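Have a look at the model first, then we'll walk through the strands.

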Amino acid sequence: MNEKPEKLIDKKGCRLDGRKADELRPLKLEVGVLANADGSAYIEHGKNKILAAVFGPREMHPKHLSLPDRMVIRCRYHMAPFSVQERKSPAPSRREVELSKVIRESLEPSLFVELYPRTGIDLFIEVLQADGGTRCASITAASLAIADAGIPMRDLVAACAAGKVDDTVVVDLFDLEDKLGVADVPLALMPNLNAVTLLQMDGILTPEEFEQAVNMAMEGCKKIYAMQKEALKNKYMAIKEEVEEE
Amino acid sequence: MSSLVTRVKLKQIEQLIAKGKRLDGRGIGDYREIKIEQGLIEKAEGSARVLLGKTEVLVGTKIETGEPFPDTPNEGVLTVNAELVPLASPSFEPGPPDENSIELARIVDRGIRESKAIATEKLCIEPGKNVFVVFVDVYVLNHDGNLIDASALAAVAALLNTKMPNYEVEDGEVKIKTGYTTLPLKSRPITVTLGKINGNLIVDPWLEEEQVMDSRISMAINEEGNICAIQKGGSGYFTPQQILEAKNIAIEKAAELRKKLGW
């Protein structure tokens, strides 16, 4: 075990990984990475590495779970046993059950569920490596996977956390900051609709700090949103180039 | 989730809320009547029953000794579990905990843990080896909406009522002696849940409102009026303005409840 650092932010305002307070970790987004899924995406967010896949809209199995007036969304957030320092049992933990629920609820407002009665979509999220902020990175990737599947959406959902480390409100906490910091506020946003679809918090914040954290997380979401659109475009640009070559 | 009957009622509920009224006669910022009884289960170390309108939650606490987490060798352990008992609602089924009961337990847990309500550093017997483990078991006995606030209240009320066994360490073995001391508490967080119906925020949604609301937001507030935990739920969304509005309402309502309960 590493020794706990005394300060998470140095005198110059630099964080342990060299970032400024309002700086995101490097992001890499890729769309259409899995052959068998109807839609898929891969995200590298700092050291987080996450795959998301979507199947459907398709007939529900078992059938009795389908609803007469809308589509059912199922979501499974799962961490690989080797994704964290100490091996995680592959059986779903209570944390994973809760995260599956909040991730599903953060994506649902972006979908026209009433247009697909009696069907279901399945969202599978596999965290291959975790380094803090996996729920946000999972939402960002899953939303891209849904877009990749060609399912009509109101907007893409982008997610980013903000929080308090030492005495400073910062954006996009990594694992150590999350564990040793004061507070963490994960947030998901549909930027075009100005709609917050996920909001959680743990730690203690004053009302003013909370407001600051929400604004910072939303700014982060907007930056990620631009990268999401870029990733979608890149896939089709690549296809276009291939077709033109032929 | 919503039954046909409540969907028919949606319009009525919406129209009333637009006028600042509700189906059960409350204003949009009013809690239902709250009753708290403590210490009804003699065999538990602590217990409390909360009635929030017709919603009824019983919480029992047990204290045992066990191993601490490796990253906090000097601190006691808190474990929260919630049971949506089938006798509480026709929509609850027997079986292993589903996502709703797990989420409920984790919201209650987060409120207590993040506000540092329990002085866990005082629950250490032998660093790294033996500490007290506080089990908080939430038992929902009647579901009439807003299980979160009722459960969070009942959990804190039960902790306030919890007695710690006296002990002594002899040759590395823990011996429980007769007599009790109170569980050391540092904070009494209060969780306030707001529902969103047709763009309006309502405090303490009851069952029929829960069935038609598109999302909810719960905030745990401590004595200083600071926020210690938040959970958004439901398949809808909030605008940033609504979140800030919800924050202000939650802080105000928590202070009001705190005064009323003498916490």
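## A sheet across two chains

β11(B) and β12(B) run antiparallel and are joined by six bridges. Keep in mind that this is a predicted model. The two strands belong to an open, antiparallel sheet of eight strands, ordered β7(A)-β6(A)-β8(A)-β9(A)-β12(B)-β11(B)-β9(B)-β10(B).

**Sheet layout**

- The edges are taken by β7 (168-171) of chain A and β10 (200-203) of chain B; each has a single partner strand, so one side of each has no neighbour in the sheet.
- On average, neighbouring strands here are turned by 20 degrees against each other, ignoring direction.
- Over in chain A, β6 (residues 158-165) and β8 (residues 183-190) run antiparallel, with seven bridges joining them.
- Within that pairing, Ala162(A) has Val185(A) in β8(A) as its bridge partner.

**Around β11(B)**

- β11(B) also pairs with β9(B), again in the antiparallel sense, over seven bridges.
- For a landmark in β11(B), take Met219(B), the bridge partner of Val192(B).
- Towards β12(B), Ile221(B) has Ile227(B) as its bridge partner.
- β11(B) and β12(B) make a hairpin with five residues between them, and Gly225(B) in the turn shows a positive phi of about 80 degrees.
- Is β11(B) mostly covered or mostly uncovered? It's mostly covered, with seven of its seven residues buried.
- That goes for both faces: Ser215(B), Ile217(B), Met219(B) and Ile221(B) are buried on one side, and Arg216(B), Ser218(B) and Ala220(B) on the other.

- Helix α5 (residues 240-261) of chain B lies across β9 of chain A plus β9, β10, β11 and β12 of chain B.
- Relative to β9(B), α5 runs at about 140 degrees.

- Ala105(B) sits in helix α2 (residues 99-114) of chain B.
- Ala105(B) counts as buried because 23 other C-beta atoms lie within 10 Å, where the cut-off is 20 or more.
- Beyond its neighbours within four places in sequence, Ala105(B) is in contact with Val80(B), Asn81(B), Ala82(B) and Val138(B).
- Ala82(B) is 23 residues from Ala105(B) in sequence, yet the two are 4.9 Å apart in space, C-alpha to C-alpha.

Terms used:
Residues are numbered from 1 along each chain as its sequence is written. Chains are lettered from A and ligands numbered from 1 in the order in which they are written. This is a predicted model: local features need pLDDT of at least 70, side-chain atom pairs count only at pLDDT 80 or more; totals for chains, interfaces and linings use all residues. Helices (H or I, at least four residues) and strands (E, at least two) are DSSP runs, numbered from the N terminus. A residue is buried if 20 or more other C-beta atoms lie within 10 Å of its own, exposed if 12 or fewer, and partly exposed in between; C-beta atoms are placed from the backbone. Two residues are in contact if their C-beta atoms, placed from the backbone, lie within 7 Å. Two strands pair if DSSP finds at least two bridges between them. Axes are lines fitted to C-alpha atoms, for helices over the stretch in contact, and angles run from 0 to 180 degrees between N-to-C directions.
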